[in-house]
Amino acid sequence: MRPTIAKIYLENLRHNFKVIRSRIQPSAKMCVAIKADAYGHGAVQCAKVALECGADYFAVSIINEGIQLREAGIKVPILVLSLCSPDEMDDLVKHDLTPLVFDEEYITGIAVSCLRLGKKGFPVHLALDTGMGRIGCLPEEAAFYAKMIEDTKVLKLGGMCTHFSVGDSLDADDIEYSKQQFERFLFATEQVKKLGINPGIRHCANSALTLNNPEMHLDMCRPGIICYGYYPGDLTREYFEKKGEKFELKPVMALVSKVVAIRKFGIGHSISYGRTWTSSRETDIGVIPIGYDDGLFRRFNQTHEGGEGGSLKVAIAGHPYPVRGRICMDQCMVDLGKGSAVNRWDEAVIFGPDNSGALQSAEDIARATNTISYEVTCGISKRVPRVYID
């Protein structure tokens with residue numbers, strides 16, 4: 001196997017699901033976001049663990065992600081959060097995937113597929129745009145489209161949902177905005193009820209609201225990044241500890257590789273493309289076969305370029321070693337120092353949970369590069385094998 005792998009710690013995943021389930025109101029279901037290959041962790045394997053831990057629904061982004069779960073034997077309802085094209089609608093119906101709908105063309109297209117395939121009572125969820133500015137009908141249009149769904153005679157309103165744009169923020173204006181979004185959503189569900197139509201499963205709670213706003217759990221929560229061990233936005237471990245709520249999420253993925261070569265260099269030797277770093281002392285340089293095509297992006301080390309200090313460090317035997325020079329497509333170089341105890345084939349851990357030997361998490365890398373942990377884990381490419389540790 002290639003030296004560069006992503007270790008997936010399934011016990012950490014189980015721990016996170018247990019924590020999440022304890023935060024969700026007892027009457028609410030749990031819909032686990034398994035989209036983007038479970039945020040880079042492996043959709044099928046993570047879905048099976050989620051089922052063990054009480055998941056009721058899954059959420060994916062695209063039709064193929066849902067089909068992958070169905071072909072793996074996953075039978076629970078699967079929501080498709082993004083819109084599919086007309087030529088995908090038959091596949092959506094064939095595999096009993098539940099779409100979000102919000103306009104006449106989309107509702108009609110799925111109804112036609114149901115008629116063609118002999119499906120009746122096919123559930124769809126009505127998406128509401130309460131302030132995200134993405135997909136969804138306006139709250140005042142909800143009753144109209146709910147009736148349109150029921151009038152098709154082949155579709156049924158299985159649920160209503162919305163998404164919050166700043167639910168993970170502690171800014172006062174953002175908190176107020178989220179409250180307004182929630183009120184708009186409740187207004188829409190009430191308008192549907194007034195027509196005598198059951199709104200089905202009402203869901204709006206993402207990771208942040210799942211942890212912090214039990215009044216918004218309604219009938220189902222949709223946890224995402226918290227499943228994989230990272231707190232959302234401003235809602236950090238420290239924030240909850242200040243509230244007197246102590247619970248720990250554990251990162252699930254560790255990105256690791258090995259030192260495949262050690263080069264001994266003297267003063268004045270430059271490293272990698274652009275000659276952005278030149279040694280000012282004798283040192284050993286370790287070569288690690290991981291680069292930006294694996295998801296270790298060049299920008300992860302950009303603040304280091306041109307200086308002695310490294311912004312990105314890898315852990316080898318519990319010690320930090322800075323990456324020197326630009327990260328290449330398939331390799332990067334680390335400064336081991338002169339006469340280090342590092343040996344060829346020693347494991348190098350880029351990020352991961354505490355039990356992986358890592359000295360930093362995906363969140364640490366994200367903060368240092370002005371992004372979010374989601375992008376770091378989702379960015380680990382398919383050519384990096386996932387190895388599941390139980």
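The legends below describe close-up views of a predicted model. Local features rest on residues with pLDDT of at least 70 and side-chain atom pairs on pLDDT 80 or more, while totals for chains, interfaces and linings use all residues. Residues are numbered from 1 along each chain as its sequence is written, and side-chain values use heavy atoms, with hydrogens and water left out.

**View 1. A closed barrel of eight strands with parallel pairing.** The strands, which are DSSP runs of E of at least two residues, just as helices are runs of H or I of at least four, both numbered from the N terminus, follow the order S2-S3-S4-S5-S6-S7-S8-S9. Two strands count as paired if DSSP finds at least two bridges between them. Strand S8 (residues 201–205) meets strand S9 (residues 220–221) in the parallel sense over two bridges, and Ala205 has Cys221 of S9 as its bridge partner.

View 2. Strand S4 (residues 78–80) runs parallel to S5 and is joined to it by three bridges, with Ile78 standing opposite Leu97.

**View 3. Leu126 in the largest nonpolar core.** Such a core is a set of buried Ala, Val, Leu, Ile, Met, Phe, Trp, Tyr and Cys residues joined through side-chain atoms within 4.5 Å. Of its 109 residues, those touching the most other members include Val32, Phe58, Ile110 and Leu126, and helix H3 (residues 43–52) supplies the largest share, six residues. Leaving aside neighbours within four places in sequence, Leu126 is in contact (heavy atoms within 4.5 Å) with residues including Val101, Phe102, Tyr145, Ile149 and Met160.

**View 4. Helix H8 and its cover.** The 23 residues of helix H8 (residues 172–194) should span 33 Å at 1.5 Å a residue, which agrees with end C-alpha atoms 33 Å apart; the expected span is 1.5 Å times one less than the number of residues. Among the buried residues of H8 are Gln181, Phe182 and Phe185, and what covers the buried residues includes S6, H7, S7 and S8. Just after H8, Gly196 takes a positive phi of about 80 degrees.

How values were computed. Buried means under 20% relative accessible area, exposed over 50%, partly exposed in between (1.4 Å probe, protein chains only).
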